[in-house]
Amino acid sequence: MKIEINRTRSMQQQQLHARLMKCLSCSHSHLPLPPPRPPPFYSLQRFASSQPKGVAKVILKKGKTQLFKDGSPMVYSGAIDRIIGRPPPKTGDIVLVADGTEKPIGWGLYNSVSMFCVRLMQLEEEATRDPSCALDMEKLLETRINAAVELRRGLGLPSATTNAYRLVNSEGDRLSGLIVDVFGDLAVVASSAAWVETYKSKVKACISSIDEINHIHWRPSVEILKEEGMDAADLKELHPSTCPQRTKVIENGISYAISLEGQKTGFYADQRENRMFLSTISHGQRVLDVCCYSGGFALNAAKGGAMSITGVDTSLPALELARENIALNNLDPEKTSFLREDATVFMKGALSRNDSWDIVILDPPKLAPRRKCFRHV
């Protein structure tokens with residue numbers, strides 16, 4: 001009898017415990033969940049403090065901060081108030097760029113010689129959102145070049161009708177001083193900043209990882225790099241390039257022979273959309289292409305059905321390429337003439353003869369030969 005009573009009490013206690021737990025569960029279901037723990041806050045100042053050698057800080061003058069927050073990457077000397085850091089930063093060092101209160105707005109690469117003392121690489125807000133590249137130039141390079149590749153693929157480049165395009169467009173891809181043009185399986189790198197030369201091996205590694213690239217041709221802008229403090233002797237390739245000096249590409253269905261010894265990267269890939277537009281308005285028109293180089297605009301005018309095309313340039317090798325490109329595309333050579341003449345002399349002569357055209361393309365070389373021709377205020 002005693003055993004039965006104990007068993008009954010045990011069962012009652014178990015039932016009571018079950019009802020109690022059910023009530024607690026129901027009441028808790030109406031309670032708000034505790035807020036999630038905020039993610040750790042990352043700041044450039046915090047990252048800089050963790051660096052073993054410390055990071056110098058470039059302080060901007062009052063009123064100059066917004067220009068760089070808005071996206072201008074080149075911090076010129078006239079915008080700098082002072083530099084905090086001992087010893088002072090050397091060319092190539094990573095530095096913080098800060099406002100007048102010494103609060104960082106971003107980080108970049110310092111140059112003690114160039115009129116552009118810092119090339120901003122990442123803003124504070126970006127580093128806070130994604131700290132993986134903060135103060136890490138090699139990681140940033142990899143990330144930005146991969147983003148450039150994905151952006152071009154989203155635009156359908158390369159394609160069956162276009163395998164010549166600009167892969168990295170300097171400031172446009174947040175890599176000031178670096179241009180990469182792709183011509184089929186060949187990439188031409190135009191370097192115009194000291195930092196690009198410093199990270200040359202990483203740039204090459206990133207480009208080599210792109211599936212369709214088999215060759216890389218490195219082309220430093222020697223005169224500009226001298227102003228960046230580079231020694232011309234240091235810009236020479238240690239190993240002779242195995243890249244072909246000529247190649248053929250296709251752009252919007254038009255074939256081009258390209259010489260890597262020509263101007264800039266060998267082809268003005270950034271004018272692709274303008275060339276295509278010209279082909280849509282050229283039918284039955286008389287077209288003049290001044291500073292025509294290898295005939296990019298002239299060929300598109302011919303493809304678009306222009307009545308006549310005149311190309312003018314001072315470079316004999318460029319004009320030879322232009323004539324070769326006319327033949328390469330089976331275009332009527334009778335409708336296109338290429339003249340070797342200075343553009344100014346030609347235009348003055350045309351004016352005196354009362355010559356006229358329906359469409360004139362004028363894409364001259366740079367008018368200010370040196371950066372010091374510009375004055376920043």
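Q: How many aromatic pairs does a search of the whole structure find?
A: This is a predicted model, where local features need pLDDT of at least 70, side-chain atom pairs count only at pLDDT 80 or more, and totals for chains, interfaces and linings use all residues. Residues are numbered from 1 along each chain as its sequence is written, and side-chain values use heavy atoms, with hydrogens and water left out. Rings of Phe, Tyr and Trp (its six-membered ring) pair if their centres lie within 6.5 Å; planes under 30 degrees apart are stacked, over 60 edge-to-face, and the rest tilted. Search the whole structure that way and the number of aromatic pairs is five.

Q: What is the angle between the planes of phenylalanine 68 and tyrosine 76?
A: Their ring centres sit 6.2 Å apart. The pair counts as tilted, with the planes at 55°.

Q: Is tyrosine 256 buried or exposed?
A: Buried means under 20% relative accessible area, exposed over 50%, and partly exposed in between (1.4 Å probe, protein chains only). Tyrosine 256 has 0% relative accessibility, so it counts as buried.

Q: Which residues form one aromatic cluster?
A: Tyrosine 256 and phenylalanine 267 form a tilted pair, 4.9 Å centre to centre. Phenylalanine 267 is buried too, at 2% relative accessible area. The cluster is Phe183, Tyr256 and Phe267.
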